[in-house]
Amino acid sequence: MCKVRLSGIVPESVCDGPGLRTVLFFQGCCHHCIGCHNPQTWPFDGGEEFTVSDLLRTLPDSPLITGITFSGGDPFYQAEAAALIAKELHNRGKNIWAYTGFKWEELLMESNPSRIKFLLECDVLVDGPFNNKEVKIGLIFRGSLNQRIILVKESFFKKRIILWEPQ
Ligand code: SF4
């Protein structure tokens with residue numbers, strides 16, 4: 001039975017991607033970015049553990065919620081569970097955004113099968129560690145300028161990074 005450890009769930013948010021979204025905050029992060037807004041998500045034994053099936057049963061299924069955002073922490077430390085959750089939410093018609101402290105290139109070079117599986121279930125990846133020296137007022141859906149909002153399928157298809165642009 002696959003399990004996942006979360007630090008919290010925000011049922012409805014308009015801050016973590018376009019439209020009305022549910023946000024899953026994964027527990028556990030080794031990036032330890034200076035100025036991180038969620039240091040309580042760093043320990044891997046914090047938060048609360050769920051079975052993936054229990055979590056999927058409890059998530060709101062309103063048609064008004066168009067997407068799910070995987071945040072943290074870093075969901076790529078629990079990639080096997082994240083991939084299962086994302087796949088089921090895709091089946092429910094939700095689009096998937098994920099935030100990670102890993103860079104796109106690191107995830108591809110490392111070729112960790114679970115992380116690649118999860119990446120392939122993401123529509124958009126916001127990559128890279130938060131850098132408090134690159135904070136700029138007015139950034140949309142990212143904390144610092146170095147982070148990129150990447151269209152995953154388009155980037156795989158074209159073999160170069162294609163960035164998401166606000167409509
Ligand atoms: S990756 Fe995110 S959660 Fe992890 S330390 Fe950096 S900002 Fe914090």
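Val126 stands opposite Ile149 in strand S7. Strand S7 (residues 148-151) runs antiparallel to S6, to which four bridges join it. Strands here are DSSP runs of E with at least two residues, numbered from the N terminus, helices being runs of H or I with at least four residues; two strands pair if DSSP finds at least two bridges between them. The model is predicted: local features need pLDDT of at least 70, side-chain atom pairs count only at pLDDT 80 or more, and totals for chains, interfaces and linings use all residues. Residues are numbered from 1 along each chain as its sequence is written.

Strand S5 (residues 95-99) and S6 run parallel and are joined by three bridges.

In a regular strand, side chains alternate between the two faces of the sheet. Strand S6 (residues 124-127) is covered on both faces: Val124 and Val126 on one side, and Leu125 and Asp127 on the other, are all buried. A residue is buried if 20 or more other C-beta atoms lie within 10 Å of its own, exposed if 12 or fewer, and partly exposed in between, with C-beta atoms placed from the backbone.

Cys30 lies in the loop between strand S2 (21-26) and strand S3 (48-51). Cys30 counts as exposed because it has 10 C-beta neighbours inside 10 Å. Between Cys30 and Phe44, which are 14 residues apart in sequence, the C-alpha to C-alpha distance is 9.0 Å.
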